[in-house]
Amino acid sequence: MPEHAHKVFADSRGSNLYQHDVDYKTKHVSVLLPECSSAPSHLDSVLNNFSSFYLIRKLPVYELLDRHFLETAVYHGAVFGLSYRTRIDEDTCVALMPNGHLTLSLDKDSFEILGFEGKPSRFKHRTATRFVVSVDLTDSSMAPGRRSYLRLLTGLKSRLQLQTDFLLSHHPGGGASLQPLLSRCDWSQHRPEVNCSVLTDLSCPAPRSCDPHNLLMGYDIIAAVSFLSSFVCPEPNTIHRHALSVSVSGMLLPHDIHRLLQELRRYVEQPRLASWVSMTVRGFADSPVSWSNHEHGFLRGGENFYTLMMFHDHTYQLHLATGAHDVCPP
Amino acid sequence: MAVFMDLNVSFLPDRSDLRSVVETAAHLGFSTIALNYVFEPTAKKKQEIPTPTPIDELIDQLPVVQGRSRPIRVLNRLTVVMSDASHFRPNAPEYRRFDLLAVQPTSEKLFHAACMVYDIDIICVPMTEKLPFFFKRAPINGAIDRGVVFEVSYSAAIRDSTMRRYTIANAVSLMESCKGKSVILSSAAQKALELRGPYDVTNLALLFGLSDGDAKEAVSSTCRAALLHAETRRTASGIIYTTRSQQEAPQGSVDGRFKSGYLYRCYRCLCSVAIELRWNKVMMSESNTS
């Protein structure tokens, strides 16, 4: 069953809002603004200025170990990458984190062919059928020319010959340091897609007055509102005449989400009809890593998302949900 | 985990129906399916084992599996419905044309023989009728040790409510004896509508008494194990495989020339051993091509 963690914070400045362990692999953010029928201009501009990302078709994974690419991009701690259209429970998945960690989630045959050190996945049933190879590219043992580096490079180049579609992004924006890599591959640039919809007569649970158990159901509802689900709302509830649901999907970077969060805080602090806003951030279901570099798996659902509810009086509530094959963050 | 497989999709003689079934399976997320040719010998007249049609003659371009970038893989499988011990002929050459070999026993004695003795990959458990025998732990454990898997098919449950009861009852009884090990779930679909997605099949397996992990394995890792077992069975313990070839004898041969024979290639030393069978005499000639 999916696990849920629910925390309530009251912080006058809200400055530690973003000190939770960040999930770098964000696929979808949706914002629910009750009693609002059109997005305010500041929010609109933030939503439309999310960084673009690149989709590379059939990237040979050994290119991520290219010396020039490492020196210009990876060592500066600014590259985010994830394999696209690969399933974590069927195929090989690759993730590149901004802290220089390259994670490969391999099935048994691929792992044995690759011939590099790795650990069996912690989500194993009777025998280990999935293995995780995690290397820190910024470590001195993985410097170009060293034994481990050459071993991994040979493994990916001649033994395993792994090729996947790859999503790549760079922060700060612009792919000047990615250009040499991109020029060798078939790539296309994409912007995150923004969708707005106005919902009418939405019944939402009144966040303050519910007991925690009902509140969990309430969060599921709020998190699912962007998909217009038809759950029954727990009591007590309030009916909102209008609500605006905005969703952004694509490969989203943490700093963009942070900016959105700041903007939402500014929005909710002003006196308004409704006293709360909520933001739901969903990660990729097929990413090999999840919260704070913990391993992520997919049993019957790969959900890993959190919902943040911000109130007028500078307090906020955080609700985290993970799937069965996930490590719940502390 | 391995890719999702459905190892029992009924072979349909009509090409467009077959094509729609294969496309549905690819759309649902199955990376490998096996077309099942059923052979039910009767005492009345001698029947021939069907010959599998090569897949490229049936479908021009295999559809790509949804969410991945590879086309679906289609294999051939033979199921022999046995009501007598003579119906299954061990080492029959016709069985070599199929990738997978399955047997459906109809009595306890045949079930015991299938688990312990017969050189097969899959044992089908009947789902459309009340089980004629009870499962015993000993033959089931024997089969698990040999690498033979038990198959539960769910499309009968979709078609009819009485069959649904039999399916669940038979499957639960099997799970109690085998404790969820070495079980595969497949559709036995006769049309595209009877196929279900791999996660739905996993949920269905929970009804049969499998745990979460076992249920997912039943659609992925255990199917992969059955395929590897089939490959090993066909290659004489995984060392030698045979291909039929018509060619001149290699140098150093005893006879000089042979009209037709089997060319054996040894995996270990990559030498080819040409064996000619003539007048019940085996003449062997060896050539080292490595």
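A nonpolar core is a set of buried Ala, Val, Leu, Ile, Met, Phe, Trp, Tyr and Cys residues joined through side-chain atoms within 4.5 Å. In the predicted model described here, the largest such core holds 64 residues, and the members that touch the most others are B:Leu78, B:Phe88 and B:Phe150. When neighbours within four places in sequence are left aside, the contacts of B:Phe150 are B:Phe111, B:Cys115, B:Ile123, B:Ile140, B:Ala143, B:Ile144, B:Leu174, B:Ser182, B:Val183 and B:Ile184.

Chain B has 290 residues, of which 50% are buried. Its secondary structure consists of 10 helices and 11 strands. Of the contacts in chain B between residues at least 6 apart in sequence, 64% are between residues at least 24 apart.

The interface between the two chains was examined next. On one side, 15 residues of chain A take part, and they are in contact with 25 residues of chain B. The area buried between chain A and chain B comes to about 1800 Å², with 41% of it from carbon and sulfur atoms. Within chain A, the residues that lose the most area to chain B are A:Glu90, A:Arg126 and A:Arg300, which together account for 33% of what that side buries.

Three salt bridges are counted between chain A and chain B, along with five residue pairs in polar contact, both residues being at pLDDT 80 or more. The side of chain A that touches chain B is made up of 10 charged, three polar and two nonpolar residues. One of the salt bridges between the chains pairs A:Asp89 with B:Lys216, whose closest N and O atoms are 2.5 Å apart.

Another salt bridge is formed by A:Asp109 and B:Arg224, with 2.8 Å between the closest N and O atoms. This pair joins two chains, because A:Asp109 belongs to helix α3 of chain A and B:Arg224 to helix α9 (residues 221–234) of chain B. A:Asp109 is partly exposed at 38% relative accessibility, and B:Arg224 is partly exposed at 25%.

The side chains of A:Lys108 and A:Glu112 meet at an N to O distance of 3.6 Å. These two residues are four apart in helix α3 (residues 108–114) and are therefore separated by about one helical turn. A:Lys108 has a relative accessible area of 33% and is partly exposed, whereas A:Glu112, with 52%, is exposed.

B:Arg234 lies in helix α9 and B:Asp99 in the loop between β3 (73–82) and β4 (100–105), so the pair ties together parts of chain B that are 135 residues apart in sequence. Both are partly exposed: B:Arg234 has a relative accessibility of 39%, and B:Asp99 has 21%. Over all chains, the count of salt bridges is 18.

In chain A, a network of salt bridges links A:Arg57, A:Arg85 and A:Asp165. A:Asp165 is part of strand β9 (residues 163–170). At 8% relative accessibility, A:Asp165 counts as buried, because the cut-off for that class is under 20%. Apart from residues up to four places away in sequence, A:Asp165 touches A:Ile56, A:Arg57, A:Lys58, A:Leu82, A:Ser83, A:Tyr84 and A:Arg85. The side chains of A:Asp165 and A:Arg85 are also joined by a polar contact of 3.5 Å.

A:Arg85 is located in the loop between β4 (79–84) and β5 (93–96) of chain A. With a relative accessibility of 40%, A:Arg85 is partly exposed.

Backbone angles were considered last. Most residues other than glycine have a negative phi. A:Arg85, a residue other than glycine, has a positive phi near 60°. In chain B, phi of B:Lys179 is likewise positive, near 60°. B:Lys179 lies in the loop between α6 (161–178) and β7 (183–186) of chain B, and at 54% relative accessibility B:Lys179 counts as exposed.

Terms used: Residues numbered from 1 in each chain as written. Chains lettered and ligands numbered in written order. Predicted model: local features only at pLDDT ≥ 70, side-chain atom pairs only at ≥ 80, totals over all residues. Heavy atoms only, no water. Contact = heavy atoms within 4.5 Å. Buried area = accessible area lost by both parts, 1.4 Å probe. Salt bridge = Lys/Arg side-chain N within 4 Å of Asp/Glu carboxyl O. Polar contact = N/O pair within 3.5 Å; in protein donor to acceptor, adjacent residues only side chain to side chain. Nonpolar A, V, L, I, M, F, W, Y, C, P; charged D, E, K, R; others polar. Buried < 20%, exposed > 50% of the residue type's maximum accessible area, 1.4 Å probe, protein only.
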